[in-house]
Amino acid sequence: MSRQCELLGISRTAYYYSLQKQQEDRDISDLKLILDTLREIPFYGYRKISRKLLSEHPGMSVKRVRRIMRRFGARAIYAKANLSAARKENKKYPYLLKNKIIRYPNQVWASDITYIRLPGGYVYLTVILDLYSRKVLSWRLSNTPDADFCIDALEEAIEVYGEPAIFNTDQGSQFTSDRFTKVLKEHCIEISMDSKGRALDNIYVERLWRSLKYEDIYLKSYETMGELKKGIKRYFMFYNTERFHQSLEYLTPEIMHESFSTRKDLNNAA
């Protein structure tokens, strides 16, 4: 290799960089194929994705699909790392949303935590979501999965949007902690918690995680906490103000949230 580079008049560094750049471009192209398959069949793992793609893309071997999925953090939908582990000493609250019809903003908020992989390790993201409008009211990133960043997000949402009637979470130790529930009690907010083993009780936030990861994080491959923070801020702005939601009759969360407030003000004036 050294002799070939010498004859061609290029440095080995430049040659290897060129190879790496070609590999990067190919990986990104193949990642898009994998993500398209996951959007269609989100429960397929790397073996089934490889089998589905091989007929039209001969290079998509099991090893290659596995490597790309691991590199970019793409995963099928399956039981995830347990961020919802409760502490036995913390009080648990009943689930209040069964058969409840949500009719207006600030009637019910929900929160959850997900993890995002960066080259240096994992970081944790929490959001406060209004269930009527699906609007992301606030969010926080943290290097550690403690309760502090969840409390910060909650206090910001209350300061900007007022108080919800009900706040729903899972039974994770962050949300059952005395410090977190104290904030809710101080504002006279009813506390609702998903039943144990009932992940779908908080399905709206789970859908938000899926949209964020498939539509932004897996495609952008953020390298640092700063890049990730800017990317999430940009995506949530798009999610709230531009992204159409089929469940909202193709309106945006911002329109749903603001239109109800406008109607309420007009009714009060009348």
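User: Where does Ser221 lie?

Analyst: This is a predicted model. Ser221 has a positive phi of about 50°, although it is not a glycine. As for its place in the chain, Ser221 lies in the loop between α8 and α9 (225-241).

User: Does Ser221 count as buried, exposed or partly exposed?

Analyst: Buried means under 20% relative accessible area, and exposed means over 50%. Ser221 has 22% relative accessibility, so Ser221 counts as partly exposed.

User: What is the relative accessibility of Glu249, and is Glu249 buried or exposed?

Analyst: Glu249 sits in the loop between α9 and α10 (253-269). Its phi is near 60°, a positive value in a residue other than glycine. The cut-off for exposed is over 50%. At 67% relative accessibility, Glu249 therefore counts as exposed.

User: Is Asp216 buried or exposed?

Analyst: Asp216 is found in helix α8 (residues 203-220). Its relative accessible area is 3%. Buried means under 20%. So Asp216 is buried.

User: Which residues is Asp216 in contact with, leaving aside its neighbours within four places in sequence?

Analyst: One of them is 19 residues apart from Asp216 along the chain: the C-alpha atoms of Asp216 and Tyr235 are separated by 7.0 Å. With neighbours within four places set aside, the contacts of Asp216 are Ser211, Tyr222, Gly231 and Tyr235.

User: How do α5 and α7 pack, roughly parallel or roughly antiparallel?

Analyst: Helix α5 (residues 148-161) and helix α7 (residues 178-186) have axes 9 Å apart, at an angle of about 10°. Angles under 35 degrees count as roughly parallel. That is why α5 is roughly parallel to α7.

User: How many nonpolar, polar and charged residues has the contact of α5 with α7?

Analyst: From α5 come Asp148, Cys150, Ile151, Leu154, Glu155 and Ile158. From α7 come Arg179, Phe180, Val183 and Leu184. By class, this contact has seven nonpolar, no polar and three charged residues.

User: Which element gives the most to the largest nonpolar core?

Analyst: The largest nonpolar core has 40 residues, and those with the most contacts inside it are Ile34, Leu125, Leu228 and Phe236. Elements giving two or more residues to this core include α2 (12-40), β1 (108-118), α8 and α9. With seven residues, the element that gives the most is α8.

User: Which residues are in contact with Ile34, leaving aside its neighbours within four places in sequence?

Analyst: Ile34 is among the residues with the most contacts inside the largest nonpolar core. Beyond its neighbours within four places, Ile34 is in contact with Ile49, Leu53, Met60, Val65, Ile68 and Met69.

Note on methods: Residues numbered from 1 in each chain as written. Predicted model: local features only at pLDDT ≥ 70, side-chain atom pairs only at ≥ 80, totals over all residues. Heavy atoms only, no water. Axes fitted to C-alpha atoms, helices over the stretch in contact; angles between N-to-C directions. Helix = DSSP H or I, 4+ residues; strand = E, 2+ residues; numbered from the N terminus. Parallel < 35°, antiparallel > 145°, perpendicular 65-115°, else oblique. Contact = heavy atoms within 4.5 Å. Nonpolar A, V, L, I, M, F, W, Y, C, P; charged D, E, K, R; others polar. Buried < 20%, exposed > 50% of the residue type's maximum accessible area, 1.4 Å probe, protein only. Core = buried A, V, L, I, M, F, W, Y, C linked by side-chain atoms within 4.5 Å.
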